[in-house]
Amino acid sequence: MKRTATALSAAVLLLPLSACGGSAQAGSGTTVTVTVGYQSKTINTVTAGTLLRSLGYFERQLDALHDGHTYKVDWQDYATGAPITAQMTAGKIDIGSMGDFPLLLNAARGTQLGRPTHLVSVTGYNLRGGLNTVVTAPGSALTDLKDLKGKKISTSVGSAADGTLVRALQRAGIDPNTGIAKLNQQPAVGASSLSAGSVDALSQFVAWPGLLAYQGRAKALYDGAQLKLPTFHGVTARADFAKQRPTVLEAFLKAQTEATDYLNAHPVTAAEKVAEATGLPAEVVYLYNGAHGIATFDPAVKPRLVTALKQDVSVLKAAKLTGDIDVDSFVDDQYVKHALGAAYARRLTAAPPPARSEVWPKGSEKTTAFPSPRQLLAYLARHPDGIRAAYVPDTTTGTLWFADKSVWVADGSRLLPFVTPATARAYVSGHQGARTIPYREALERAS
């Protein structure tokens, strides 16, 4: 098998950059421009990017500073975290948001160039790792991670999805370097490769797996939540910017918190706003960002997430993408603590909402939750033409998935959903009399 060109990826990441001064100092007179880098389609960063921008909360917080400056926000949209890091270490972006593995590369790059950055808050997280998924083509015969041995797999090297792939393969007894042929591709390219049949599987982060499943272009093979390792997205800021403009950074974090509260209070409307800004289907946005979605949004830098970040370093080192990283020095939650005040302690201990089955009826501005998947199916059977989307949590991992894309198991009178065939088989093997059934049969049994 051909080994992945990780060394080349690392070399590209570490190319020298020319600094051109802090962007927050740009402008004439008392005008200060604050440059924010975000990823509109990486929808677990929306409270620090897409949604925050659409709501105008950051601009409003800046206007309230009344410190003699006029502030302008320059929002810059990128497909991944790597270019945001490059612009930050060149002094061109002040605040950025990205996933956990790119955050570590952000820390390493800043340290290497003498332009340190800090993780200052969290956006969306999943305590089991459900934000990353391995998918295959709809007609693929692959049903288990072990089936990937010797196969071609597309992922983005250095991303959280790549980290999930590496760890999952290791647990399955497959060497992630020699046991597969890994293609380092951007998410959109990987999706096209999967559709064209030039790769056997795709390992990607939100929102690509859900989008491809929703479009009928892929099916889930491995649920990242099977790892039981937290994954998250967060906000990083240049250390010099934070020191020079602490009130501006705190204004951003207050605005992020407002956007978080808005998303939690109005999840359907927030999904519609993000969909309008990104072109993603609102049904896919809600899968991840909904009231019981795969992601939980909270700006607090939870110790459990920091511990997970430290464990991620070894994966990047093994791929030769970085050396040692001082995570404790990288994490700096003093600004979000100051911005949130007494509320920070409460947010720090807050738990994700319980998994629930939900239906989004056509024409409705809210969803309806059900106590059990069977009750949801019964509703769907009674309203075959009135459903915009239906979501159910995996019985073992809790990962939310589309009801019609899930693998269903009948266990007596219970109808149980699973994201992947493998998790369904694992349940069936441990429960005598249980068996997998087609989605249509599940509907019929519930009606």
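Predicted model: local features only at pLDDT ≥ 70, side-chain atom pairs only at ≥ 80, totals over all residues.
1. Now for the aromatic rings. The count for the model comes to 10 aromatic pairs. Take Tyr286 and Trp360: their ring centres are 5.7 Å apart with 50° between the planes, a tilted pair. Tyr286 belongs to helix α12 and Trp360 to strand β12 (residues 357-361), so this pair ties together parts that lie 74 residues apart in sequence. Both Tyr286 and Trp360 are buried. Back to the residues from the opening point: the ring centres of Phe418 and Tyr427 are 5.5 Å apart and the planes meet at 45°, so this pair is tilted as well.

2. Helix α12 (residues 282-289) deserves a look of its own. Of its 8 residues, 8 are buried, so the helix is largely enclosed by the rest of the structure. Besides Tyr286, the buried set takes in Ala282, Val284, Val285, Leu287 and Tyr288, and also Glu283 and Asn289.

3. Next, a helix pair. Helix α5 (residues 100-112) packs against helix α13 (residues 303-318) at about 75°, and the axes are 10 Å apart. Angles of 65 to 115 degrees count as roughly perpendicular, and α5 and α13 are therefore roughly perpendicular to each other. On the α5 side, the contact is made by Asp100, Phe101, Leu104 and Leu105. On the α13 side, Leu309, Asp312, Val313, Val315 and Leu316 take part.

4. Last, a sheet. In what order do the 5 strands of the open sheet run? The order is β7-β6-β8-β5-β9, and the pairing is mixed. β7 (181-184) and β9 (219-223) are the edge strands, each pairing on one side only. On average, neighbouring strands in this sheet are turned by 30° against each other, ignoring direction. As a reminder, strands of a sheet pair through backbone hydrogen bonds, in either a parallel or an antiparallel way. For β5 (residues 132-136) and β9, the sense is antiparallel, over 4 bridges. To find one of these on screen, go to Thr136, whose bridge partner in β9 is Lys219.

Notes: Residues numbered from 1 in each chain as written. Heavy atoms only, no water. Pairing = 2+ DSSP bridges. Helix = DSSP H or I, 4+ residues; strand = E, 2+ residues; numbered from the N terminus. Axes fitted to C-alpha atoms, helices over the stretch in contact; angles between N-to-C directions. Buried < 20%, exposed > 50% of the residue type's maximum accessible area, 1.4 Å probe, protein only. Phe/Tyr/Trp six-rings, centres within 6.5 Å; stacked < 30°, edge-to-face > 60°. Parallel < 35°, antiparallel > 145°, perpendicular 65-115°, else oblique. Contact = heavy atoms within 4.5 Å.
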